[in-house]
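Subject: A structure for you to look through

Hello,

Here is the structure I promised to pass on to you. Please open it and keep it beside this email while you read.

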Amino acid sequence: MSDLETRNLDSEIRAFIKKFNAAPAPEKLFQSLAFKLFDYQFTRNENYRKFCLSEGRRPGGLVSWREIPAMPTIGFKELVLATFPIKNAARIFKTSGTSSTKASADAPLRGAHFFDTLALYEAAITPPFKAYLMVDAQDFSFFFLMSSPQESPDSSLSYMMGVVNKAFAGQKGKFYAKKGAIKNEALVADLSRTRKKVFILSTVFSLKSFLNFLKSKKRSFTLPKGSRLMETGGFKGRVREISKPRLYAECEKRLGIDRHFCVSEYGMTELSSQFYDTTLRDQFLKIKRKPFKEGPAWIRTLVIDPRSGRAAKKGRAGLLRHFDLANRGSVLAVQTEDIGRAVGDGFELLGRASGSELRGCSLNYEEFLNS
Amino acid sequence: MTRLLNNLLAYRDRHLKDRKVYAIARSLGALSKKWLRKDYPFRKKALRQLVQRSRFSEEMAEALLNALFRELTPPKLLRLLKSELRDPLVLDGFRRDPISGRSHRAEGPRLITHIFSGNVPNPAILSFILGMLVKSANLGKVSSKDEGFLEIYLKSLKAWDRRLAGANVLLVPKDKKSTLRAIRTSGLVIAYGGDESLKAIRSHVPITTPFVGYGHRISFGIYAKEALNKKNLERSAKKTAQDIWMADQRGCLSPSEIFIEAGGEVPLAGFSGALARAMERSFAAKAWRLPAGPGEAELIGFGARKMVRVRLVRKLEVISKILRPFQKYLQAVSLEAGPARRKKIADHLSAIGVNRICRAGQMQRPPITWHHDGKPNLASWLAWTDMET
C-alpha cells in the first residue's frame, strides 16, 4: 500500500495526463509538477539523492526543470533507482542487455526499472498511441510481432503492447513471437484471412526477419488501405543501423502498407512514456513538414551538448535527455546515449553515441564483474 | 591466390631472406622518425583516418601515433632485438652461443598471416614491423571495419623502402577464402581479437603451424595509501586521466577500474572528484560522478557512457582477490606505492598473472621491449637451428 504523499502525487500526475492528453501543457504547470516530483525523488530515492549531491543540486535550488540532474542510463544497470523498497515492486522491467552474444540474464548487463504500481505507466501509454497512430481510424486487426507480456514479463515493450491490445483491440490481437522467433507461417495464414485493416506492431528485428521470410517464399500481400505499421528499436542490440527508408519500401512491396502509414516508436525501459513519428498524424491534420519524433505533454526532451553538459545550440546534434513526469517511482530525468537534434516540439533521432560501441582490444569488464 | 602466395614467397626469398637484420631495423627505424614529424604527409593522412573512421579525437590520434613510433626508432628496435635474442645476428647466420658453447641461428617463418579483428590500430603496425624484422613476408587481414591505418603505413613504407614494402600484402577484409588459403600456406599465424574470434581462427590453423593469439585484455590502476596525498593529488589525477584518455578507454591497456587504498590522506570522493575534473579537461566533455557499488565506489562518465570506476579497498591485498576472476585476461597495472611496498605488491600482481606494472600516466606507452601478453614477442616467432661441433 502506498502512503498518502505518493497517492496524492500520483493523482496529480494522472490529472496532468488527463488534462493534457491531446494538447501541449504550459511551461509553468510542467515545471511545478517536475519540481514536486524532483523533491519527492530526492527524498526517497537514496542513490539518486547521492548523485544529485555529487552534482551539487538539490530541491529548492533550481530555477528551471531543465536543471534537474539527469541520471545516465548506465545508472539503471549499476544502482537500484527506486523511491520505494524494491521488495514492494509490482513489476521490474529490464533492458535488453548489450549486443554481446554472451549477455545473459545476470544483473550487471541489464538495467532494471522498478515499479510499485503500473497505473501511471498504463495511463501514459494510450493517449499518445491514439494520437500518433490511430488518429483517423479505430477498427483494426492487431498483429504483434513480439513476445506476449505473459512470455516476457520483464519486457516493457511487451507489457506496453499488452496495454494497447486491451485498450484498442479488445484483447483480440495476437502475439507471434515464441522464444524470440516469429511464427512466420501462422502470421502469413492469419494475414491472408483478415478482411479488416491490419495494424502490425513490431520490433525492427522481427519485421526484418518476417519480410525476409516473405521474400524467400516469394509471397506478398496487398493489405486493405489504411493498414499500418508501428516499428520500434533497430539500433539497439542485435540489429544495427537498419535503413528505415529501405525497410519501409520493403513493407510497401511485401505488405502493401504505404510508407506514410509506417510510424516509428521510440521508447526505453528507463522511461514510462513514449515518442512517435509525426508522419501519420501530420498527414491527417494536413500539416506539411518533415516528420520528427514527438511525445505527449508530460515528457520533455533536451538535446545536450556533451562538451558543456548543457542544452545544445538550437538545431545542433547532441545527446537526448528526457524528463518524464510519469516516471514517478524511479527518476524523472534520464540521460541517454541517443543522438538527436531538436525539431519543433520534439526531436529527430540520429543514432546512438558511438564511443560505447567502439570496442578495441579491451575485455568487456561488465561481463565479468560480479561473476 | 595460389599465384599471389607463390610470388610472395619467392619475393621474400629473393629480397628479404639475405638482407641483414640491422639493415632492416635501420630502414624501419628511419621511417618511424619520419612518422614522428608533424608535416609528414602519411602521418597527416593517418591522423585523418583515425579521427574520421576510428572516432578518436585529434589529440588522441596524435598521442597514439607518437606513442607508437617513439618506440620504433632505430635504437629502440635494436634494443628490442637484443632484449629478445641477446645476439640479433643469429638472424643473419650461425653464431656461437657463449653459454651453451655451440653455434645456432634463428629463422623467421617465410610467411606470416596476421589477422586483426579489433579496432585499435597500433598493434597491427607493430605486428607487421616485427614480421619484417624476422625477414618474413606478411599477409594481413584487417577487420571489415578497418581504419586503413596499416594500409597507409605500408604505403609510406613503399615510398621509403620499396624492396621491404614488397613483402607485405593486405587481403581484402571480407575475402574469407583467401584468408584460409593464406593460413594454410603460412609458417606462423598471428591473430588479435576476442576469445571467440581467436577460437574460430585457431580452428583453421594446421596442427603443424604455430599460432599466436593476442586476446582481449583488461588493465587496472592502483594507488596505495602512502602514494596519494593532498600535494600530489592533482598531478596523480592528471596522470590517470591520461591513461584513460589516450586510447579513449577502448584499449587493453586502458584501466577499467582504479583502486584506492583506504586510510590515506585523500578520501575516495577527493580522488574521484580530481580525476573527473582532469578527465573533463582531457576529453573536453562534461563529466558526471555516480556513487555506486560494489562496496564504496564511484563511477565517472560522460553523457550516458561510463568511463571508469574508482573503488576504495580496505587493504591492497584485497585487490588480488578482486582480480582473480580476470586472471587469464590481466594485462597492465599502473601501480603507485612507496618503494618497499611497490615491490611487494608487484610480487602479488605477478603471481596472479599481471604482465606489466608501470607508473600512472604511462599505461598507454608500453616500451617496445615489454613482453606483450607476458610472452616473448619476436623470440616466440622464430625457429632455431643448433649446430654442435
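Let's start with the inside. The largest nonpolar core has 97 residues, and the ones with the most contacts inside it are B:Leu28, B:Trp35, B:Tyr153, B:Phe271 and B:Met279. A nonpolar core here is a set of buried Ala, Val, Leu, Ile, Met, Phe, Trp, Tyr and Cys residues joined through side-chain atoms within 4.5 Å. Buried means under 20% relative accessible area, exposed means over 50%, and partly exposed lies in between (1.4 Å probe, protein chains only). A second, separate core has 55 residues, including A:Phe144, A:Met146, A:Val204 and A:Tyr248. In soluble globular proteins, nonpolar side chains tend to be buried together.

Before going on, two notes on how to read all this. This is a predicted model in which local features need pLDDT of at least 70 and side-chain atom pairs count only at pLDDT 80 or more, while totals for chains, interfaces and linings use all residues. Residues are numbered from 1 along each chain as its sequence is written, chains are lettered from A and ligands numbered from 1 in the order in which they are written, and side-chain values use heavy atoms, with hydrogens and water left out.

Now back to B:Phe271. Setting aside residues up to four places away in sequence, B:Phe271 touches B:Tyr223, B:Leu228, B:Leu233, B:Ala237, B:Thr240, B:Ile258, B:Ile260, B:Val266 and B:Val310. Contact means heavy atoms within 4.5 Å.

Helices (H or I, at least four residues) and strands (E, at least two) are DSSP runs, numbered from the N terminus. B:Ile218, B:Phe220 and B:Ile222 point one way from β8(B), whereas B:Ser219, B:Gly221 and B:Tyr223 point the other way.

What does β8(B) pair with in the parallel sense? One partner is β13(B) (residues 330-336), over five bridges, and another is β9(B) (residues 255-261), also over five bridges. Two strands pair if DSSP finds at least two bridges between them. B:Gly221 stands opposite B:Ser334 in β13(B) and opposite B:Ile258 in β9(B). From β8(B) the chain crosses through helix α11 of chain B (residues 233-246) to β9(B), in a right-handed β-α-β crossover. Right-handed means that, with the strands pointing away from the viewer, the path from the first strand over the helix to the second runs clockwise.

As for chain B overall, it has 14 helices and 15 strands. Its radius of gyration is 22 Å, close to the 21 Å that the globule rule gives for 389 residues, so chain B is as compact as a globular protein of that length. The radius is taken over C-alpha atoms, and the rule is 2.2 Å times the number of residues to the power 0.38. Of the 389 residues of chain B, 58% count as buried.

A:Ser264 is in strand β10 of chain A (residues 262-266) and counts as buried because its relative accessibility is 3%. Its side chain makes a polar contact of 3.3 Å with that of A:Glu231. A polar contact is a pair of N or O atoms within 3.5 Å; within protein, one must be able to donate a hydrogen and the other to accept it, and residues adjacent in sequence count only if both atoms are side-chain atoms.

A:Met134 lies in the loop between α5 (119-133) and β4 (140-145) of chain A, and it is buried, at 0% relative accessibility. A:Met134 and A:Phe168 are 34 residues apart in sequence and 9.4 Å apart in space, C-alpha to C-alpha.

Enjoy exploring!
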